[in-house]
Each structure stands twice: as C-alpha cells, then as structure tokens.
Amino acid sequence: MVGGNASSVTDFILVGLFPEFQHSIVLDFVVIFIYILAFLGNLLLIVLIWGDSRLHTPMYILLSQLSPIDLTLTSTIVPKTASNFFTGKRTISWIGCGTQSFFYLMLGVSECLILTLMAYDRYVAVCIPLRYLTIMSPRFCLHMFAGCWFGGSISSFIHTVYPMHFPICGSREIHHFFCEVPVLIKLSCEDTSVYQLVVVVTSIVLLVVPFSLIIASYTLIFLTVLRMNSVKGRKKALATCSSHLTVVSLFFGPNIFIYMTFASSHSPEQDQALSLFSNILTPMLNPLIYSLRNKEVVAALMKLMGRCGVS
C-alpha cells in the first residue's frame with residue numbers, strides 16, 4: 001500500500017523531489033511554477049518564429065525545433081511529479097516508467113543533435129556566408145531534423161528496453177522524481193557494470209563528440225570574428241553565438257556528469273539536483289536567453305504585442 005492506494009508488485013515508487021528537505025512543499029510549488037513559465041516561454045517563442053516571416057531563416061527554424069523539445073521534455077516529467085504531490089500517490093507503473101524514460105531519452109538525444117546542428121549553422125553563417133543559403137537549404141534542414149529525431153528514437157529505444165528488463169530483487173523505490181536510466185540501474189540485483197560501461201561509451205558518441213564539434217565550430221567562428229573589420233558585424237556575431245554557447249553549457253554540463261560517470265558514484269541528491277537544473281530550469285531559461293540577446297526576436301515580440309494592443 002502506498003499513499004492509501006493498492007499498487008501492483010510491478011509498480012515503482014517515486015520518492016519525489018528531495019524528500020528529506022524540510023520545505024519540500026515549497027520546492028514542489030516552485031518546480032510547478034518554473035514548468036508553467038517554461039511551457040509558456042517556449043510556446044511564445046514558437047508562435048513568434050512561425051508568425052513572423054522575418055524569422056523564417058535556418059537559424060530560427062532550428063530554434064523552433066529546440067523549443068518544442070524543451071516544452072515536451074518538461075511535460076514528460078513535471079505533470080507526473082505534480083500529480084504524485086497533490087494526490088499523495090507516489091507509484092508509477094512499469095509501462096509508465098518505461099514510457100517516461102523513453103520520451104525523456106529521445107528528447108534529450110534529439111536536443112543534443114539539434115544544438116550541434118545549430119552550431120554548424122552559425123559556423124556556415126559566419127565563416128562561409130556566401131554559401132550559407134546553399135548549404136543550409138530547407139531540404140538539408142529537413143533531412144537534419146529527421147536524422148535528429150530518428151537518432152534520438154533509436155538510442156532511446158535501446159536504452160529503455162534493455163535496463164527495464166534487469167531483475168529487481170529488493171525495493172522498487174526510485175530515489176528520484178522521475179524514471180531515469182542511471183537511477184533504474186541502481187535498483188537491479190545483478191551486476192550491471194558492463195551495461196554501465198555501454199552507457200558511458202554511448203555518452204561519448206552522443207554527448208562528447210557533439211560537444212567537441214560545437215567547440216570546434218565556435219573556435220573557427222571566433223577566429224573569423226576576430227578578423228572582421230566591421231565592429232557592428234563582430235558584435236552581432238558574438239551576441240548570437242554567445243546565446244547558443246550559454247544554452248550548450250547549460251545542457252551538456254549536467255548531462256555529461258550524469259551519464260559519463262558510473263551511476264554507483266552518484267548520490268540521489270546529486271542526480272536530483274542535476275536533473276532539476278538540466279530538465280526543468282534550463283528549458284525555462286532557453287527562451288529568455290535567445291530572446292533577450294536577439295534583436296530580431298525582440299522585434300517580433302514587440303510586433304505581436306502591438307497587434308494584441310490594437311485588437
């Protein structure tokens with residue numbers, strides 16, 4: 001019995017967000033508030049990009065793919081957490097746990113690849129401007145979007161199905177606020193060191209390699225910017241690139257720590273803090289980072305507010 005309701009022997013128990021924290025109720029309400037801001041912020045950014053013809057360029061089309069990922073990612077995690085908090089029922093079914101883990105991984109890998117593609121877009125725009133529209137054609141962008149989602153889906157399917165079949169001999173209590181692979185591995189009663197090594201190798205391919213490509217792209221970009229004669233052009237390029245680098249740092253930093261080290265070396269508090277930062281706080285910050293540092297997005301927002309004022 002959990003929270004007064006009967007639960008299946010295959011159900012997992014989510015202990016919630018920092019259960020030992022004295023003011024956990026306040027923390028839960030803060031998370032829900034951040035989720036609402038993240039949802040509205042990313043939704044507004046999508047509306048601005050698709051509603052203003054001046055933003056129908058490869059860079060903003062890529063950004064319009066990042067916002068739905070952030071919006072869906074937080075929606076995969078927070079509603080279930082909020083439901084458990086308000087109902088007092090902390091269980092999640094085996095299927096529900098697998099579904100949550102699948103979508104979380106799929107969206108995370110897709111975001112990683114989209115961020116890498118955005119860095120390549122900035123590299124072409126700054127370093128090869130005369131070929132920009134030829135290289136970053138709508139057809140190329142469409143193929144890249146499809147590749148990002150396909151790669152995310154395949155990787156997520158493998159790393160959801162395999163760990164979900166590890167035998168669990170003891171407690172089915174997950175010391176987290178959602179189902180995540182490194183946390184699920186800790187519940188298994190058999191040796192998972194080989195699979196953890198596979199997770200590290202996969203992380204090198206899906207996190208370290210893209211991150212290295214992003215760093216290489218921006219190294220070439222900054223070398224090109226330093227040779228620019230136009231001060232205005234230099235400032236515009238640096239402003240756009242610094243926004244993307246900020247988002248890259250917020251995304252890759254926590255995830256590299258979570259997936260590049262063995263799960264046994266993490267404390268539950270570390271896992272929760274990093275997941276809270278990466279999966280809930282960062283999606284709220286992304287629209288602010290891209291809008292406040294970008295004159296075109298601010299202009300589109302002013303235009304939309306003007307229309308709303310007139311109507």
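Visitor: Which hand does the crossing of α1 and α2 have?
Guide: The crossing of α1 and α2 is left-handed. Bear in mind that this is a predicted model.

Visitor: What angle do α1 and α2 pack at, and how far apart are the axes?
Guide: Helix α1, residues 24–51, packs against helix α2, residues 58–87, at an angle of about 155 degrees. Their axes are 9 Å apart.

Visitor: So are α1 and α2 roughly parallel or roughly antiparallel?
Guide: Roughly antiparallel. Angles over 145 degrees count as that, so the pair qualifies.

Visitor: How do the residues of that contact divide into nonpolar, polar and charged?
Guide: The contact of α1 with α2 has 20 nonpolar residues, 6 polar and 2 charged.

Visitor: Staying with α2, how many residues does it have, and what does it reach end to end?
Guide: α2 has 30 residues. From its first C-alpha to its last it reaches 44 Å, close to the 44 Å expected at 1.5 Å a residue.

Visitor: Where does the kink in α2 lie?
Guide: At Ser-75, shortly before the proline Pro-79. The kink is about 30 degrees.

Visitor: And what comes just after α2?
Guide: Gly-88, which takes a positive phi of about 80 degrees.

Visitor: How does α2 sit against α5?
Guide: The axes of α2 and helix α5, residues 138–164, come within 11 Å and cross at roughly 20 degrees. That angle makes α2 roughly parallel to α5. Here the crossing is right-handed.

Visitor: New topic. Which residues does UniProt annotate as "transmembrane region"?
Guide: The unreviewed UniProt entry puts that annotation on residues 25–48, 140–162, 194–225, 237–262 and 274–292.

Visitor: Take residues 140–162. How much of the span is helix, and how far apart are its end C-alpha atoms?
Guide: Residues 140–162 are 100% helix and 0% strand. The end C-alpha atoms lie 33 Å apart.

Visitor: What about residues 194–225?
Guide: That span is also 100% helix, with 0% strand. Its end C-alpha atoms lie 45 Å apart.

Technical notes: Residues numbered from 1 in each chain as written. Predicted model: local features only at pLDDT ≥ 70, side-chain atom pairs only at ≥ 80, totals over all residues. Heavy atoms only, no water. Axes fitted to C-alpha atoms, helices over the stretch in contact; angles between N-to-C directions. Helix = DSSP H or I, 4+ residues; strand = E, 2+ residues; numbered from the N terminus. Parallel < 35°, antiparallel > 145°, perpendicular 65-115°, else oblique. Left-handed = near helix turned anticlockwise from the far one by under 90°. Nonpolar A, V, L, I, M, F, W, Y, C, P; charged D, E, K, R; others polar. UniProt positions renumbered as here; feature names shortened; annotations may be inferred. Expected span 1.5 Å × (residues − 1). Bend = angle between axes of the 7 residues up to and from the residue.
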